[in-house]
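These are notes for a colleague who is opening this model for the first time. Please read the points with the structure in view.

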Amino acid sequence: MKRFYKTAAVRATDGEYEIVLDERPVKTPARAALAIPSATLAEGIAAEWEAQGEEIDPRSMPFTGLANAAIDRIAPDKDAFARSLSLFGESDLLCYRAESPAILVERQAQTWDPLLAWARRRFDVDFEVVHGIMHRPQPEMTLKLLEQAVAAMTPFELAAMSPLVTISGSLIIALALAEDAIDLDTAWAAASLDEAWQFEQWGEDAEAAKVLEARRQEFAAGHRFMKLL
């Protein structure tokens with residue numbers, strides 16, 4: 001789509017913030033108002049629109065995409081979306097460990113055990129940790145308490161959580177990052193530990209590295225979106 005506006009800005013209205021293009025409010029794909037609950041996030045979204053060249057590239061506008069999702073997909077049935085994210089707690093990346101080699105087993109323990117320890121303290125839960133790929137159910141109370149933590153989030157917070165959870169495969173990493181228990185670099189190192197190990201052992205494949213970098217950028221955008229809220 002060609003750029004059809006000259007300037008993008010933010011306009012405060014009724015306690016929310018609209019993105020306006022040449023003074024005209026932006027609509028979501030479902031034709032709802034693109035109303036943002038945070039001034040700083042709204043400024044970030046307006047900056048995405050302002051940075052577009054002659055052609056509008058939605059791939060360069062992650063904040064806009066997440067805001068659209070919050071309004072069009074999540075808000076109409078927030079509880080169902082929250083449940084879909086909390087399901088990742090049933091097979092969290094951090095709970096499934098390699099059986100060998102010993103150095104990988106140790107690296108996973110050093111990186112992932114502190115995150116599980118944080119979750120145990122924060123949510124008063126416990127976890128079943130498995131060596132291998134066979135599924136083992138998590139305690140029912142653990143799943144219930146994690147689900148409650150996710151359900152307490154707003155639609156915009158859930159939109160930010162979505163890439164954090166789905167890209168990492170870990171509800172615990174996402175929750176720790178959302179609550180500032182870890183920083184972005186620590187979260188990404190935990191989420192991409194297995195890929196980093198594979199690169200170390202077999203060399204870096206250019207295409208695989210490109211895919212991983214795209215995932216890292218999407219993960220970082222979710223985190224930044226959360227912080228701007």
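1. Gly44, Ile45, Glu48 and Trp49 of α1 touch Pro62, Phe63, Thr64 and Ala67 of α2, contact being heavy atoms within 4.5 Å. By class, this contact has five nonpolar, two polar and one charged residues. Nonpolar covers Ala, Val, Leu, Ile, Met, Phe, Trp, Tyr, Cys and Pro, charged covers Asp, Glu, Lys and Arg, and polar the others, Gly among them. Helices (H or I, at least four residues) and strands (E, at least two) are DSSP runs, numbered from the N terminus.

2. This is a predicted model: local features need pLDDT of at least 70, side-chain atom pairs count only at pLDDT 80 or more, and totals for chains, interfaces and linings use all residues. Residues are numbered from 1 along each chain as its sequence is written, and side-chain values use heavy atoms, with hydrogens and water left out.

3. The axes of α1 (residues 39-50) and α2 are 8 Å apart, at an angle of about 125°. Axes are lines fitted to C-alpha atoms, for helices over the stretch in contact, and angles run from 0 to 180 degrees between N-to-C directions. The two helices, α1 and α2, are therefore oblique to each other; under 35 degrees counts as roughly parallel, over 145 as roughly antiparallel, 65 to 115 as roughly perpendicular and the rest as oblique.

4. Ser100 and Pro101 are joined by a cis peptide bond, with omega near -5°. Pro101 sits in the loop between β5 (96-97) and α4 (102-123).

5. Arg31, in the loop between β3 and β4 (35-36), has a positive phi of about 70° although it is not a glycine. Most residues other than glycine have a negative phi, and most peptide bonds are trans.
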